[in-house]
Amino acid sequence: MRQQKYLRHFSLLNMMHLHWLMFLLILLGWVFDAQVTGAQNCSDVEYAEARKRLFEHLGMDKNDAQKTRTWPLTFGNNGSSNPADIYMDLYVTSIIKVDEKAQSLTTQVQIRTAWPIGDLEWEEKKFCGIDTFAAPKDMFWTPDIGIVESLKTDFGTKDFPNVVLFSFGFTFSVAILSLTTACKMDLHMFPFDSQSCKITFQSTSYSTQDITINPLSEKDVITVTSQELFLAQGEWDLINITYSSSTYTEWIEMDQLIYQIDIKRRPLLYVINIIVPVFFFLILDVASFFIVKNGYDKLGFKVTLLLSISVMLLILSNTLPSTADRIPLIGVYCCAVFCLIGISLLETIFVNYLKAETANRGSVETTSTVSGQDGGVRDPQNPGATATDPQIISMCNAATQRKPQQKTCLYWTRVARTIDVTFFVLYIITIIVFLSVLGKLWIP
């Protein structure tokens, strides 16, 4: 009962973040300056003597104290076979990198672990009010908790060499890790996407009969504390951290504590660098329909736009994974714009072909008044200028007046202009419908 009472008190302090002051002092190096509640009644000599007696009471003067080092003892010493309760908290302090192609998440995390060692209890009043004691980590049993999704784990700072012992039989440790874990990502909504990555704590050797892994704090406390400790404001926002318990069975049944980290991308960079430029390429392609001076200038302009879209697709291929379950909508967006401009280019080639054929026929039928030295159509009033559509029509009319059977010259000119206008209207409608549907699916 005494241990359970202190454990509830310990959890309450954790939720209120008051214990951070003590652990901050420990991390700064004052690891052997234990917190003393009744020390004011002791002199310096008595306090030093109490620390020495506590050191011996905890068995730290004996190197053969295997009982306290190799087994997670339960609270009591009554031979209970209940599994030891391991308490853990995970706080995300920074999102270092999200690798979409490798499907991995690199974070800096702070892991707090508390576990019972029943033989390491003491009565505070017998030791000058000392309620905590910091000692080297390698002198005690520590839980062999691993991370299932881990690809690479490094210490974010120097490994903390000490643990904190509490008078009610609990041991506490803190680790700051740079952790790279596998994370299956859904990039269908990229760059307006949110991702959920899991970090699973599991013993490497103890079954559920030996230890159970439990959260130390409430879910809301973990999320709020992580957001307060969050160091970097990069491409990703930390939205929420939740946890759940599970078991894993292969050879033996093992307890698991699964943390789910929800993050959301900030899309502004991709909107400015990819989405907006591609949209303006599409607007420029629409504007190219109003180029009337020379069909070949219009053709070259569209080819340039097509090459620009190709560059955007190349940038995307270096970012997105090649084996996605669903095609990212940004890929659909760029490919659709590429296809629209490509179809527009084909239409321009076809219309220019019809106009050129019409001009050639008109030139043959009006050789008595019009001459062309370079294969083009010349205006008889200005031999140095290329004939425009009205001039082609006038030449066709002249040819028709001489030979009514050659009315096809005027007919194909009208066909070319009709195709151009009809395609332009359908092109505008297609763009509006496509962007409306894509925007409804894509932008939240």
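Visitor: Is Leu 441 buried or exposed?
Guide: In this predicted model, Leu 441 has a relative accessible area of 54%, and it is therefore exposed, since the cut-off for that term is over 50%.

Visitor: Which helix is Leu 441 in?
Guide: Leu 441 belongs to helix α10, which covers residues 408-442.

Visitor: Which residues make the nonpolar surface patch of about 630 Å²?
Guide: Leu 441 is one of them.

Visitor: How far apart are the C-alpha atoms of Thr 358 and Trp 412?
Guide: Their C-alpha atoms are separated by 6.3 Å, although the two residues are 54 residues apart along the chain.

Visitor: Now the second largest pocket: how much space lies in it?
Guide: The second largest pocket holds about 400 Å³ of space. Its lining has 17 residues, and those nearest the centre are Thr 113, Pro 143, Ile 145, Ser 173 and Ala 175.

Visitor: Which elements give two or more residues to that lining?
Guide: They are β2 (104-116), β4 (145-147) and β7 (170-182). With four residues, β7 gives the most.

Visitor: And how do the lining residues divide into nonpolar, polar and charged?
Guide: In the lining of the second largest pocket, 11 residues are nonpolar, four are polar and two are charged.

Conventions
Residues numbered from 1 in each chain as written. Predicted model: local features only at pLDDT ≥ 70, side-chain atom pairs only at ≥ 80, totals over all residues. Heavy atoms only, no water. 1 Å grid on protein atoms, 1.4 Å probe; cavity = no way out; pocket = protein on both sides within 12 Å on 5 of 7 lines; lining within 4 Å. Points joined across faces, edges and corners; volume = space filled by probe spheres on them. Nonpolar A, V, L, I, M, F, W, Y, C, P; charged D, E, K, R; others polar. Patch = residues over 30% accessible without salt bridge, like charges linked within 9 Å, V, L, I, M, F, W, Y side chains within 5 Å. Areas by Shrake-Rupley, 256 points an atom, 1.4 Å probe, with all protein chains shown as cover. Salt bridge = Lys/Arg side-chain N within 4 Å of Asp/Glu carboxyl O. Buried < 20%, exposed > 50% of the residue type's maximum accessible area, 1.4 Å probe, protein only.
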